[in-house]
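Open the model in your viewer and keep the selection tool ready. The tour goes from one selection to the next and says what is there.

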Amino acid sequence: MAKKLESKERNKILKTLKDWKKTRGRDSIEKNFIFKDFTSAFSWMTRIALIAEKMDHHPEWFNVYNKVNVTLSTHDAGGITELDIKLAKEMDKTARKH
């Protein structure tokens with residue numbers, strides 16, 4: 001099982017992630033992605049779904065047209081873990097290609 005990051009470590013790592021922020025009132029991180037259209041947003045979500053499945057770590061997300069709102073937390077650990085950071089980095093890297 002993944003280990004929950006301590007606050008100090010989490011805050012340090014969060015500063016390295018572009019536009020990700022700590023969710024208010026919850027031990028999770030979030031980001032809003034905006035794509036050129038629905039097809040681009042859904043295509044990105046499909047690519048991330050395959051990555052997440054391989055990681056066995058699945059995002060909470062909400063999509064409306066070209067916007068995808070993502071929240072990451074490791075429920076088994078009760079907060080943010082290295083899995084969330086790794087998936088956030090993959091999301092950012094993949095989003096740049098869309």
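Helices (H or I, at least four residues) and strands (E, at least two) are DSSP runs, numbered from the N terminus. The model is predicted, so local features need pLDDT of at least 70 and side-chain atom pairs count only at pLDDT 80 or more, while totals for chains, interfaces and linings use all residues. Residues are numbered from 1 along each chain as its sequence is written, and side-chain values use heavy atoms, with hydrogens and water left out.

**Stop 1: the strands.** Select strand 3 (residues 60-64) and strand 4 (residues 67-72). They form a hairpin with two residues between them. In the turn, Y65 has a positive phi of about 50°. Two strands pair if DSSP finds at least two bridges between them; strands 3 and 4 pair in the antiparallel sense over five bridges. Look for E60, which stands opposite T71 in strand 4.

**Stop 2: helix 1.** Select residues 7-14. Which residues of helix 1 are buried (under 20% relative accessible area; exposed is over 50%, partly exposed in between; 1.4 Å probe, protein chains only)? They are R10, I13 and L14. Seen down the helix axis, these buried residues fall within an arc of 100° (taken from the directions from the helix axis to the C-beta atoms), so they line one face of helix 1. The face turned away from the buried side carries the exposed residues K8 and K12. Show strand 1 (21-22), strand 2 and helix 3 (82-95) as well: they are among what covers the buried residues of helix 1.

**Stop 3: two loop residues.** Most residues other than glycine have a negative phi. Select D19, in the loop between helix 1 and strand 1. Its phi is positive, near 70°. D19 counts as exposed because its relative accessibility is 54%. Then select D56, in the loop between helix 2 and strand 3. Phi of D56 is also positive, near 55°, and D56 is exposed, with a relative accessible area of 60%.

**Stop 4: helix 2.** Select residues 38-55. F42 lies in this helix. Is F42 buried, partly exposed or exposed? At 46% relative accessibility, F42 counts as partly exposed.

Definitions and conventions:
Contact = heavy atoms within 4.5 Å.
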